[in-house]
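This report describes a two-chain model in plain terms. Please look at the sequence and the structure first.

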Amino acid sequence: MDRHAARLNRVLLVLTGVLLAGAGGIGLALGLRAFGASRAHEPVLSRATRHFAAVHSWYWPAIGAGAVVAAIVGIAWLLAQGRSDGITGVVLDDGDGTGRTIVPAGTLVTALQDDVQRLPGVRAVRARLTGKPSAPRLCLNVAYDRRADLLELRRSIQAPALARLRGSLEVERLPAVVRLRLVTGDERRTVE
Amino acid sequence: MTTHAGRLPKSTSRAAVDAGVPVGKGTRAARVARSAFRPRRIVTSLVAAVALTAGGTIAAIEVFSALGGHPARLVPYDRAVRWAERSSWQNWAVLAICAAVALLGLWFLLAGLLPGRPRVVPLRGDNRDLAMALTRGGLCNTLASVAESVPGASQAHVTLGRHRVRVSVHCPSHEVDAVKEQVRAAVQERLDEIRPLTRYRVAVRARTRQG
């Protein structure tokens, strides 16, 4: 659905992963005498480290600033998970620069949902427009039951339903991601 | 009026595009479909983000409250310092903590680097603007009903492997071979119609009623 969050997740996961694996790896290397036996015998918090922190006045403020940055990145990362990249309207360009029309996404989405809902075997439809108002993308989730003919359903979504939406948007291309989900229920017994 | 005149040529070209943008053997369309359904690593990201937020906040509060002269002491700082001064890098507890941190980092790193397998079944299309996918259960169910439509076969169970569809059907013992072959052909035919992105091989197992 939201590929923007997916990319952010990957980048941040790699960064935190490198930092943690690096820190843990160096600790393990010290303990396993990769840097010599004398280093392995030293305490984790050595006198030299404490001395360094005491002598340099910038040490603790710098650590604190780093912690604040980490907390801010963490909060932004958390918020990005919940954020949706849905758009509320689509800008129709007349092509000759004379004017622009904004169509609310709700209208377009409802029309598409009604189109798909009418197909045999479809239980529930949820459509969202994402991307940019000038370059919308479609995200469509269709729940169907056992009565639906999968191939027929697929064809009907592709040809009339999406084509109609493209027509009303007056765009030649509308990147769409469609998920077909089978819902099981008692329908089979009562219908057949 | 002018707007209508402006729109006309566009609508004619749109009709041509409606047929679908043909893209060779579907390599580009296949890539789009595959990447649209990749896992987004939400659970791992939530774990990492919560840990980062918690760690950063606690550390910031500790440091700045101590600098201000009124240490907040959210964590038993003095005890931790004393323990860290006493234990060497060789201490097993220190090694265990380092190993845990390294493993956590490795987990995040792999989750970020490996693309992961989609949990749905992406379908192959001719249109690079349309990425479609089917749930695994949906595909199995369709294939099972196809298998059951073969005369003699009943109670089909379909499981989806990485590259293999395993079909298990009940059939009378005297027509095992014929039914197996027919089920395999029927399921294969339906797979060719549905066209999943992964090419599945069909393996059929027959259960006779007594066995």
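In chain B, a hairpin of three residues links strand 3 to strand 4. Strand 3 (residues 154-160) and strand 4 (residues 164-171) of chain B pair in the antiparallel sense over five bridges; two strands count as paired if DSSP finds at least two bridges between them. Within this pair, Leu160(B) stands opposite Val165(B) of strand 4.

The model is predicted: local features need pLDDT of at least 70 and side-chain atom pairs count only at pLDDT 80 or more, while totals for chains, interfaces and linings use all residues. Residues are numbered from 1 along each chain as its sequence is written, and chains are lettered from A and ligands numbered from 1 in the order in which they are written.

**Two residues with positive phi**

Gln155(B) also belongs to strand 3 of chain B. Its phi is near 45°, a positive value in a residue other than glycine. Gln155(B) counts as partly exposed because it has 13 C-beta neighbours inside 10 Å. The cut-offs, with C-beta atoms placed from the backbone, are 20 or more other C-beta atoms within 10 Å of a residue's own for buried, 12 or fewer for exposed, and in between for partly exposed. Arg41(B), in the loop between helix 2 (27-36) and helix 3 of chain B, has a positive phi near 60° and is not a glycine either. Arg41(B) has 21 C-beta neighbours inside 10 Å and therefore counts as buried.

**A sheet built from both chains**

Another hairpin in chain B, of six residues, joins strand 1 to strand 2. These two strands of chain B pair in the antiparallel sense over four bridges, and Leu123(B) has Met132(B) in strand 2 as its bridge partner. Strand 2 of chain B also pairs with strand 5 (residues 176-182) of chain A, in the parallel sense and over five bridges. On that side, Val177(A) has Ala131(B) as its bridge partner, and Val178(A) stands opposite Met132(B).

| Strand pair | Sense | Bridges |
|---|---|---|
| Strand 3 and strand 4 of chain B | antiparallel | five bridges |
| Strand 1 and strand 2 of chain B | antiparallel | four bridges |
| Strand 5 of chain A and strand 2 of chain B | parallel | five bridges |

What is the order of the strands in the open sheet of five strands? The order is 3(A)-4(A)-5(A)-2(B)-1(B), and the pairing is mixed. Strand 3 (122-132) of chain A and strand 1 (120-123) of chain B are the edge strands, each pairing on one side only. On average, neighbouring strands of the sheet are turned by 20° against each other, direction ignored. Helix 5 (residues 105-117) of chain A lies across strand 3 and strand 4 (135-144) of chain A, and runs at about 150° to strand 3 of chain A. Such angles run from 0 to 180 degrees between N-to-C directions, with axes as lines fitted to C-alpha atoms, for helices over the stretch in contact.

**Where the chains touch**

In total, 66 residues of chain B are in contact with 66 residues of chain A, a contact being two C-beta atoms, placed from the backbone, within 7 Å. The elements that give two or more residues to this side of chain B include helix 1 (2-18), helix 5 (92-113) and strand 2 (130-135) of chain B. Helix 3 of chain B gives the most, with 17 residues.

**Chains and domains**

The secondary structure of chain A comes to seven helices and five strands. From the N terminus on, the elements of chain A run α-α-α-α-β-β-α-β-β-α-β-α. Chain A is divided into domain 1 (3-82) and domain 2 (89-191), with bounds from an automatic or database domain assignment. The C-alpha centres of these two domains lie 47 Å apart. Chain B is divided into domain 1 (42-113) and domain 2 (120-208), and 50 Å separate their centres, taken over C-alpha atoms.

The C-alpha trace of chain A spans about 75 × 55 × 25 Å along its principal axes. Of the 192 residues in chain A, 24% are buried.
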